[in-house]
Amino acid sequence: MSQEFDSLDKLIHQDPVFGQVSFDDHEQIVFCNDKDTGLKAIIGIHNTVLGPALGGTRMWHYENEWAALNDVLRLSRGMTFKSAITGLNLGGGKAVIIGDAKTQKTPELMRRFGEFVHSLSGRYITAEDVGMTTEDMDTVREVTPYVTGISQDKGGAGNPSPITAYGVFMGMKAAAHFKYGSDVLEDKKIYVEGIGNVGETLVEYLTQEGAEVVIADLNQERLEEVRDKYGATIYGGNDLYSENMDIYAPCALGATINDHTIHKLKASIIAGAANNQLADEVKHGALLQKRGIVYAPDFLINAGGIINVYAELEGYDRTEIMRKTENIYTTTIEILNRAKESGVTTHKAALEIAQARIAARKHEHQG
């Protein structure tokens, strides 16, 4: 053993996988490396009790490999509960590719990644996420059948982003009904942080309903484009979380509800598309509950995308996709009422339902 591990404390400090809080009993973690294409990727398979692990691939310029590993662990775990609570026979998985999607992504890199996915023999099925497109999934499809979200002209369900946005819209309306007694969002001041494909479509739904929409994103050109299309207002301040608003919709990366932001928030509802919005599920979920802020659990209301790509595996049509996605409204109401009656956080209420379904299936298998 290396001399640098001269004490148990140091050895424990070096544990990057099993020692991570976000590890949470993952079944398998695969590190993928290819010198020729520059591919450096991590595939996380959290749980396959309900079925094969399905979840998108994210390409991001991570600060370091620890950040990439933590992201894939948190994301794949979230996919387990997302599929479970939505009633899909899927497990939870996710993949991250370390790199700049704008400058380092090539067809060769995507095909090589697809070969790594294929080597798992269907335990993990990929799809698109941040930094990926439907065309990228088409490229992956050239080397493996274990991919969803491919182009409609190739027999797929297409870009899942619009369906994800519709599910978030349904969850937001349900949260409004729970909080205000009406799900009408007209004249509600809603801040949408992150104007990617999902964020833009959510803005479209909200402006059509007459909401007062404020948008924030790092890409100024994108902000101006969305403003001009839908009449939204571009946020010009320097501390979005301190602004007066009715609803906060995080639609970029996760953990925006954290120790630095949670005490500033003036919103009465949080409902957005981002994964893992709570930096600490227990602590920050409890703080939101204490402050009377209604939190629509992210893994519930952003499930429209996985419902969309699941259609490719099950063969159901667009009508059924929309029906399943609309049902997010009903499930959100049930979760919020359950949390209120039980005195637990909304995140915990949703998690308990998802975990119960997984436990029941596991019991069936063992029986």
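Mentor: The largest cavity holds about 120 Å³ of space. Before we go on: this is a predicted model, where local features need pLDDT of at least 70, side-chain atom pairs count only at pLDDT 80 or more, and totals for chains, interfaces and linings use all residues. Residues are numbered from 1 along each chain as its sequence is written, and side-chain values use heavy atoms, with hydrogens and water left out.

Trainee: How many cavities of 30 Å³ or more are there?

Mentor: Rolling a probe the size of a water molecule over the atoms shows where empty space is left. Here, the count comes to 1 cavity of 30 Å³ or more. A cavity is a set of points, on a 1 Å grid over the protein atoms alone, where a 1.4 Å probe fits but cannot get out; lining residues have an atom within 4 Å of a point. Points are joined across faces, edges and corners, and the volume is the space filled by probe spheres set on them.

Trainee: Which residues are closest to the centre of the largest cavity?

Mentor: Asn276, Glu281, Asp298, Phe299 and His347, out of 15 lining residues. Helix 2 (65-86), helix 9 (298-301) and helix 12 (346-366) each give two or more residues to that lining, and helix 2 has the largest share, with 5 residues. Helices (H or I, at least four residues) and strands (E, at least two) are DSSP runs, numbered from the N terminus. The lining divides into 6 nonpolar, 5 polar and 4 charged residues (nonpolar: Ala, Val, Leu, Ile, Met, Phe, Trp, Tyr, Cys and Pro; charged: Asp, Glu, Lys and Arg; polar: the others, Gly among them).

Trainee: On to the rings. How many aromatic pairs are there?

Mentor: Rings of Phe, Tyr and Trp (its six-membered ring) pair if their centres lie within 6.5 Å; planes under 30 degrees apart are stacked, over 60 edge-to-face, the rest tilted. That gives 6 aromatic pairs. Take Phe169 and Tyr205: their ring centres are 5.1 Å apart and the planes sit at 10 degrees, so this pair is stacked. Phe169 is in helix 5 (residues 161-180) and Tyr205 in helix 6 (residues 197-208), 36 residues apart. Together with Tyr166, they form one aromatic cluster.

Trainee: Is Phe169 buried or exposed?

Mentor: Buried, at 6% relative accessibility, while Tyr205 at 22% is partly exposed. The cut-offs are under 20% relative accessible area for buried, over 50% for exposed, and partly exposed in between (1.4 Å probe, protein chains only). Tyr191 and Tyr235 make an edge-to-face pair, 5.8 Å centre to centre with 65 degrees between the planes. Tyr191 is buried at 4%, and Tyr235 is buried at 16%.

Trainee: Which ring does the charged end of Lys188 sit over?

Mentor: The test is NZ of Lys or CZ of Arg within 6 Å of the ring centre and within 35 degrees of the ring normal. Lys188 sits over Tyr180, 3.8 Å from the ring centre. Lys324 does likewise over Tyr316, at 5.4 Å.

Trainee: Last one: which residues of helix 7 are buried?

Mentor: An α-helix has 3.6 residues a turn, so residues three or four places apart point the same way. In helix 7 (residues 220-230), the buried ones are Arg222, Leu223, Val226 and Tyr230. Their arc around the axis is only 100 degrees, which puts them on the same side of helix 7; the arc is that of the directions from the helix axis to the C-beta atoms. Glu221 and Asp228 are exposed on the other side of helix 7.

Terms used: On a 1 Å grid over the protein atoms alone, a cavity is a set of points where a 1.4 Å probe fits but cannot get out, and a pocket is an open set with protein on both sides within 12 Å along at least five of seven lines; lining residues have an atom within 4 Å of a point.
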